[in-house]
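Let's take a slow walk through a protein model together. Have the sequence and the 3D view ready, and look up each residue as we get to it.

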Amino acid sequence: MTVNVDAQELAKFSDLAHRWWDPESEFRPLHQINPLRLDWIDGLAPLRGKAVLDVGCGGGILAESMALRARHVTGIDLAAKPLGVARLHALEAGVENLDYREIAAEAIAAERPGAFDVVTCMEMLEHVPDPSSVVRACSELVAPGGWVFFSTLNRNPKSFLFAIVGAEYVLRLLPRGTHEYERFIRPSELARWCRDAGLEIAATRGMEYNPFTRRYGLSGNTSVNYLVACRKAA
Ligand code: SAH
């Protein structure tokens, strides 16, 4: 199987991995949005008692927070350094119902189809050469009636202005070059990949940043960052 990965994209995250859990680092946006997305996921698919897979988990901000509510969480990524940071953080925090593996979504889907009640894949699809293949793998990984959550960046002039010019150059929330505009994904494109993979979209939310309060919030505005919740037919 050829692996659906871009080595340059992984390097961006590996180079900064040692700062992953510093809430004032390049990863500040992930720390800030985490409580919002965690509660949104848990509200739709109550995590208590569930087996969860986090695809593209990085240093484990979301995975570890879900493990505090779920029965078990597996985090996967193809970047070794962030996974090392994630393992160390879980060890130090004493979170034991959590394991991390360096494996592609497509490969674990072949190994453990239908093994998870909830699959999350956040801020990852826009870094992958073939995101539709990851969507398909997530659908294969979730059990019938289970939930799959995605978040990514929309592709339009406003998202270019906000997510690249604003976030990387003006406000410097993210390092320059974090995102490639061409890889951004319109909600209609993600919706088609979900449908083709047998996932039905149950809810969509926008995520907005207020530069004055320096806070994020969920809203109905999906023009820049957005989250999608899907269900696999029972
Ligand atoms: N999902 C986490 C991390 C987002 S950063 C969160 O939201 O907190 C994007 C992550 O995607 C990085 O850890 C990067 O290594 C990972 N990634 C990029 N391409 C990937 C691929 N093809 N397969 C698996 N992980 C990938």
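What follows is a short tour, with stops at the ligand, a helix, some charged pairs, some aromatic rings and a serine. Keep in mind that this is a predicted model.

## Around the ligand

Let's start with the ligand. How many residues surround the ligand? There are 18 of them, and the closest are Asn-4, Arg-37, Gly-56, Asp-77 and Met-122. Sorted by class, this shell has 11 nonpolar, 4 polar and 3 charged residues.

Now zoom in on the backbone. A polar backbone atom of Asn-4 sits 2.9 Å from a nitrogen atom of the ligand. Gly-56 has a backbone N or O atom 2.7 Å from a ligand nitrogen, and for Met-122 the corresponding distance is 2.8 Å. How much of the ligand does the protein bury? Taken alone, the ligand exposes 570 Å², and the protein buries 98% of that.

## A helix on the inside

Next, find helix α6, which covers residues 131-141. Why can we say that helix α6 is largely enclosed by the rest of the structure? To count as buried, a residue needs a relative accessible area under 20%. In α6, 9 of the 11 residues are buried, so the helix is largely enclosed by the rest of the structure.

You can check this residue by residue. The buried ones in α6 are Pro-131, Ser-132, Ser-133, Val-134, Val-135, Ala-137, Cys-138, Ser-139 and Leu-141.

## Opposite charges that meet

Time for some charged side chains. Side chains of opposite charge can pair when their charged atoms come close. A search of the whole structure turns up 10 salt bridges.

Take Arg-183 and Glu-9, whose closest N and O atoms are 3.6 Å apart in a salt bridge. This pair links distant parts of the chain: Arg-183 is in the loop between α7 (157-170) and α8 (187-196), while Glu-9 is in helix α1, 174 residues apart. Are the two partners buried or exposed, or something in between? Arg-183 is partly exposed, with a relative accessible area of 23%, whereas Glu-9 is buried at 4%.

Two more pairs deserve a look. Arg-19 forms a salt bridge with Glu-26, and their closest N and O atoms are 2.6 Å apart. Arg-19 is partly exposed, at 30% relative accessibility. Then there's Arg-69, whose side chain meets that of Asp-39 in a salt bridge of 3.0 Å, N to O. Arg-69 lies in the loop between α3 (61-67) and β2 (72-77), and Asp-39 lies in helix α2, so this pair ties together parts that are 30 residues apart in sequence. Both partners are partly exposed: Arg-69 has a relative accessible area of 32%, and Asp-39 has one of 45%. Salt bridges can also share partners, and here they join Asp-6, Glu-9, Lys-12, Glu-180 and Arg-183 into one network.

## Rings that pair up

On to the aromatic rings. A pair of aromatic rings is described by the distance of the centres and the angle of the planes. In this model the count comes to 7 aromatic pairs. One of them is Trp-20 with Phe-27: the ring centres are 4.1 Å apart and the planes are at 15°, so the pair is stacked. Trp-20 is buried at 5% relative accessible area, and Phe-27 is buried at 4%.

For another kind of arrangement, look at Tyr-181 and Phe-184. This pair is edge-to-face, with 5.8 Å centre to centre and 65° between the planes. Tyr-181 is partly exposed at 24%, but Phe-184 is buried at 2%. Back at Trp-20 and Phe-27, ring pairs link these two and Phe-13 into a cluster.

Ser-219 counts as buried, with a relative accessibility of 16%. Which side chain does the side chain of Ser-219 make a polar contact with? The partner is the side chain of Glu-208, at 2.7 Å.

Conventions:
Residues numbered from 1 in each chain as written. Predicted model: local features only at pLDDT ≥ 70, side-chain atom pairs only at ≥ 80, totals over all residues. Heavy atoms only, no water. Near = heavy atom within 4 Å. Polar contact = N/O pair within 3.5 Å; in protein donor to acceptor, adjacent residues only side chain to side chain. Areas by Shrake-Rupley, 256 points an atom, 1.4 Å probe, with all protein chains shown as cover. Nonpolar A, V, L, I, M, F, W, Y, C, P; charged D, E, K, R; others polar. Buried < 20%, exposed > 50% of the residue type's maximum accessible area, 1.4 Å probe, protein only. Helix = DSSP H or I, 4+ residues; strand = E, 2+ residues; numbered from the N terminus. Salt bridge = Lys/Arg side-chain N within 4 Å of Asp/Glu carboxyl O. Phe/Tyr/Trp six-rings, centres within 6.5 Å; stacked < 30°, edge-to-face > 60°.
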